[in-house]
Amino acid sequence: MVLQNRPRLVIAAPQGRSGKTTVTATLLAALRQRGLAVQPFKKGPDFIDPSWLSRVAGRQCRNLDLYLMTPAAIRSSVAASSADADIAVVEGAMGLFDGLDLEGSGSTAELAKVLGAPVILVVNTMRMTRSVAAVVLGCQQLDPDVNLAGVVLNNVARPRHRDMLTAAVDRYCGLPVVGVFPKMKEYAVPDRHLGLVPAEEDRRLHRAIEAWSADAEERLDIDRILDIARSAPPLDAPDRAAAVRQDGDGPWIGVLRDRSFSFYYPENLEQLTLAGARLVFIDSLKDTLPPVDGLYIGGGFPEIFAARLEANAALRQAVRDGVEDGMPVYAECGGLMYLGRSLTWRGKEYCMAGALPFDVDLDEKPRGHGYMLMEVVGPNAFFPRGALIKGHEFHHSSLAGIDFSKVSFALKVHKGYGIDGLHDGLVYKNTFAAYAHIHALSVPEWAPNLVRRAAEYRLRKGEARK
């Protein structure tokens, strides 16, 4: 391990819905406008916030999660991803000290300590004046090992309100106020049942990004924030760039990646290429299936584009034929939904790929939401029996009419819900479809096994490609 200077900081809040994403995105915009290369990170397994941070920063945002990743893996990820950046900015999740238990395991505070990163606290000050000091002081004193270095005031009403809040933080907490945000509708990003709308999905929603960028220098004390980031101690992690191998000799793995299916950790795609695969990106709304040796279908919002997915009958047929032929297919959540016979959304039924024998019903009621711990109990193409797999789920759908004469469960769920509260991971031939999302750094055997199965399928088909 090598000590490295890595300017970095964490944007946190006393509770969720305080404005962390707004402040983080505005900071990224300001730093980028100054000509700095900024590497964004998001605490937790979320896919949607990172899509916005990637868009603003002009660099791929990465997830940092202490449930899915070891502390060493997190430090390595930050060091590798920010090797050519001027600063790393991490957006926290939920409240600063909210974790998996009473000790705050896996919280944003724990992540900040793992990274040795100073924290800037975003406080929603609506209907609050002097009490802001009590909120900030409580965060300072609950865990003195967390380096709380600055405060951003959000939803400030007027100059008099701002002055009272700033004076209270200064007198009672001894911290600088490094940003002030008024309540403004143009900062808002539209919500959906799974949270914010992904940045890739609708370009009309980019008005929020324009607002963040236009007001960045006015809302934040960028010089002070840079000083805070530079105060971080050297990071104990390898000094290496994230290498991605991609050549033409390995099997070709298709990835459905578009507005319907956009939930992919960059590390998952990188690990596939490092294992020797060549990735072929496919738009499920208009493309047909190219000659690939395997298929990876991530999560997303297939229900929003169900009519267009149904209309692309050629792709649905090709996927169905590939599954039946034994092509290795790995599908997560939205991908699972796509492989079924049908999807019912808001009272209307749409045809899906029909590769697996079940139907999907989707409404506004959450079925599974949170971290998962699963045991591999059945044969499958990707995981050894007996292995314990960590993942996460966030879905509002359920499966009906599963034909267990054709499919079987591969996973026993110890934590989480999965498909029926007890199981996840439907298996048919070389296809594996689950509600669980996995992170490749947490399940290192996944990528090599998918690539190996794809190579075997390619050899069986006898298709040599140039």
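Author: Let us begin with terms: helices (H or I, at least four residues) and strands (E, at least two) are DSSP runs, numbered from the N terminus, and two strands pair if DSSP finds at least two bridges between them. This is a predicted model, in which local features need pLDDT of at least 70, side-chain atom pairs count only at pLDDT 80 or more, and totals for chains, interfaces and linings use all residues. Residues are numbered from 1 along each chain as its sequence is written, and side-chain values use heavy atoms, with hydrogens and water left out.

Reader: In what order do the nine strands of the open sheet run?

Author: The order is 14-12-15-17-26-25-24-21-22, with mixed pairing. Strand 14 (278–282) and strand 22 (388–395) stand at the edges, each with a single partner strand, so one side of each has no neighbour in the sheet.

Reader: How do strand 21 and strand 24 pair?

Author: Strand 21 (residues 368–376) and strand 24 (residues 408–415) pair in the antiparallel sense over four bridges, and M374 has V413 in strand 24 as its bridge partner.

Reader: Which strands does helix 12 touch?

Author: Taking contact as heavy atoms within 4.5 Å, helix 12 (residues 313–324) packs on the sheet against strands 12, 15, 17, 25 and 26. Axes are lines fitted to C-alpha atoms, for helices over the stretch in contact, and angles run from 0 to 180 degrees between N-to-C directions; the direction of helix 12 makes about 85° with that of strand 25. Helix 14 (residues 446–461) also packs on the sheet, touching strand 12, strand 15 and strand 17, and its direction makes about 120° with that of strand 12.
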